[in-house]
Amino acid sequence: MRQSYDGVVLCAPFTTAYQRYSIETAHWWIARALKGSLDLAGLRPSEIDGFTVSSFTLFPDTAVGLTQHLGLSPRWLDHIPMGGASGVVALRRATRAVQSGDADIVACVAGDTNHIDSFRLMLSSFSRFASDASYPYGYGGPNANFALLTDRYMQEFGATREDFGKICVAQRQNALSNPGAVMKKPLTLEQYLAAKPISDPIALFDCVMPCAGSEAFLVMSEEEAAKRALPYARISGAIERHNAHAEDPIQLRGGWSVDIDELWDMAGCAPVDMDLVQTYDDYPVISAMQIEDLGFCPKGEAPSFLRDKDMTIKGDFPHNTSGGQLSAGQAGAAGGFIGLVEAIRQVTGQAGPTQVAGASSALVSGFGMINYDRGVCSAAAVITGGAR
Amino acid sequence: MTDPLSPPPKKNPQVRTVSPTRPPEARSRAALGLSAAAAEGRFALQHCDECGKVQYPPRDACSGCLSTELRWKDTDAKGTLLAETTIHTSTKLYFRERTPWRTGSVQLDAGPVIICHLHGDCVRNGRVDIINRLDRSGQAVLLALPSQRSPHMEDDPQLRAMTSDPKHRRILITDARNPNTSEIARALSDAGASMIFVGLSETWRPSPTLDALSAMDKVDVLPLDVTDTHSVQKLAGAIGGKTDILINNARFLRPGGVLARSDTSFAKEEMEVNYFGLMRLAQSFGPVMASRTADGVNASVAWVNILSVHALSSQPEFGCFSASNAAARSLSQSLRAEFRASGLRVMNLYCGPTEDEWYQPLPPPKVTPQAVARTLVTGLQNGLEETYCGDVAKDVFERFRDNPLILERETTLAGDGA
């Protein structure tokens, strides 16, 4: 059994309200989230000695350039280019750094800007395999990749558009309680089904809206958090896996399925014990896959499992409580943090308008980087409320 | 089933000509191996020399055993369509203007799963054949065709976007006096070309092919002398805007290397026709053809040079002629680069000795006009950049690809009797 994550906690979750387009840079957005998180904790920038950054639009800078730009002098620094898996990966690395004494307080930040046309330019140079073997095929983004995956998932498991629509409609309902969400209008299943086709079977409301935004949280020892009287969340278990099931012809399962037993063993609990679930949701099919691969139901049964569930904040299966990327917006690498930051708020009772009553345990899962035909990075963590 | 392509309506001069846009061009160096294969119409993938694993997308190291010994080999192109999608919107202008656009995920029998363009007649879970073609950026893309031929399948819009098919296109053949001209005109006509212009130099001089050409439907013989800039400009002014494919078959050929001749007069003639002729044509016809590559069903699509295979490596018996062809080949590479931004394709057709008077002293095998015409039409239909006609041309090219220095020695041995 791996060493536990005991003694280290997550606190000061901060989200900068998302914007569809921004004239600011990634540096600006990252600074906003870092300052927001430090302000929540009552810390000065000089008091953090560890820093992780995730961003797609920071070029030519990395975490290194940001230290000088933002006036930080950490003794532990990491740049985590793992897209939708960045949040949980940052959590895992920062926790180990604090446990080992390499750092005392680590700020984990993700942020991206969204200029007119920056999304298109980012897609064209996303990865070598993408420019060699997917971008030339009409793609302009992962829409068609996920369309192929959704097409196959529907063939294999008999899922319907309505099944995916249910996920999207519930998340929009949740987003209406989140003032920072980009999407502000209600969505009905009829509207979902009648939406403009994007890449069959994917239509408009299956796709995330690229936007600007940033997210941050702090990692420190439990004593440190208690000393500062900060609400915090503990980490019961966490997993990470890259390029799993490479021989599967189409991705119908992710890396979670390799490590799921270890996750729940380590956490000492089971899926039914979760008060809320935050999946990575750039398309609803991938949320369905995470619900299966993380043990809530057998492979291929997410549609029937979810058919009887209410996925809204007040429901019996609260899912992506801030609206997720599908309704809050996809702020680049911050999309890898949105679920985790919201989950920290939830289990520490700080979620305000999106608060799930009595939430104390959450599963957060990340998925990232469509390098060619599938997402390569997967990660998940179980966190629980500590002191409030 | 593919809808048969209708002949395009007459161009309305008041409607804006669509600006050429292109699919993405950027590729890694490894992926250029696929484009090099597509230039010759071959489907090749990297195979690991150590463990045999077939790779895709192209890599620098084997994903099975980390060996860096990966070799491009012609590969079994059969597979099964696992999933498909029809794209209705794209961030890339080229595709945005051409939606709906089908792509799919194919499990190759050879191992890898590929994302590819989909011919309209492919069905989910059906068997497909993959072809490797150059798209309008001049880079390789993979396209799945149904394994059973379907009616009018060549008219599929996605397939046609990758090729230089002569169907419904207007074509200029530059030299009526070349012995291969009538056969080329006939083959293009049979392949569905809508109009064939043929250039004739020194119209007052008799031409043995003229009667046969004039008797053909759709053929229009027009004055053109590729050694005369004014003549080339005049014809380009008249038909440049409706030339969709240009076939430069003008040739001046005399035997002999450097020492077999006492002066440079033949060499100058060879350069005037074979090298400067190409340049004059390109300067007059090139810009207007490059502006019309997105102009509907009969958009301009290809520029063809018919060259001697000894453009690659000299044949001393025709040393000066070889040199002029080497110059023309080099110019064609420049032209290919200059046309790249427009998507206009340059195809070089390399011939061995042809069956005509100037090659009379050489032994067989020789290339017939029919063979040239066949290779040319097939090359256009497959959207090639390089094609070789006849056994000699294929043999010389194989040796050239293997080792150009050995080839040079093989073709220049003086013989022990000297």
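A polar contact, for today, is a pair of N or O atoms within 3.5 Å; within protein, one has to be able to donate a hydrogen and the other to accept it, and residues adjacent in sequence count only if both atoms are side-chain atoms. By that rule, 17 residue pairs are in polar contact between chain A and chain B, both residues of each pair being at pLDDT 80 or more.

Before going on, a word on the source: this is a predicted model, so local features need pLDDT of at least 70 and side-chain atom pairs count only at pLDDT 80 or more, while totals for chains, interfaces and linings use all residues. Residues are numbered from 1 along each chain as its sequence is written, chains are lettered from A and ligands numbered from 1 in the order in which they are written, and side-chain values use heavy atoms, with hydrogens and water left out.

Okay, back to the A-B interface. There are three salt bridges between chain A and chain B, where a salt bridge is a side-chain nitrogen of Lys or Arg within 4 Å of a carboxyl oxygen of Asp or Glu. A:Arg128 and B:Asp60 make a salt bridge, with 2.7 Å between the closest N and O atoms. Helices here are DSSP runs of H or I with at least four residues, strands are runs of E with at least two, and both are numbered from the N terminus. Helix 6 of chain A has the largest share of that side, with seven residues. What classes do the residues on that side fall into? They come out as 15 nonpolar, seven polar and eight charged. In that scheme Ala, Val, Leu, Ile, Met, Phe, Trp, Tyr, Cys and Pro are nonpolar, Asp, Glu, Lys and Arg are charged, and the others, Gly among them, are polar.

In contact terms, meaning heavy atoms within 4.5 Å, 30 residues of chain A meet 38 residues of chain B. The two chains bury about 2900 Å² between them, with carbon and sulfur atoms giving 56%. Buried area is the accessible area, with a 1.4 Å probe, that two parts lose on being put together, summed over both.

Now chain A by itself. Chain A carries 14 helices and eleven strands. Its radius of gyration is 19 Å, close to the 21 Å from the globule rule for 388 residues, so chain A is as compact as a globular protein of that length. That radius is taken over C-alpha atoms, and the rule is 2.2 Å times the number of residues to the power 0.38. Along the principal axes, the C-alpha trace of chain A spans about 55 × 45 × 40 Å.

Between them, 44 residues of domain 1 contact 40 residues of domain 2, burying about 3200 Å², 71% of it on carbon and sulfur atoms. There are 14 residue pairs in polar contact between the two domains of chain A, both at pLDDT 80 or more. Two salt bridges cross that interface, and A:Arg234 pairs with A:Glu222 in a salt bridge at 2.7 Å between the closest N and O atoms. Which elements of domain 1 supply two or more residues to the side touching domain 2? They are strand 1 (8-19), helix 3 (86-100), strand 4 (105-112), strand 7 (212-221) and helix 9 (222-227) of chain A. Strand 1 of chain A gives the most, with ten residues. By class, that side of domain 1 has 25 nonpolar, 13 polar and six charged residues.

Last, chain B, with eleven helices and 15 strands. Chain B is divided into domain 1 (32-160) and domain 2 (170-412), with 31 Å between their C-alpha centres. Here 13 residues of domain 1 contact 13 residues of domain 2, and the buried area is about 1100 Å², 38% of it from carbon and sulfur atoms. One salt bridge links the domains of chain B: B:Arg401 and B:Glu40 meet at 3.1 Å, N to O.

Methods:
Domains from an automatic or database assignment.
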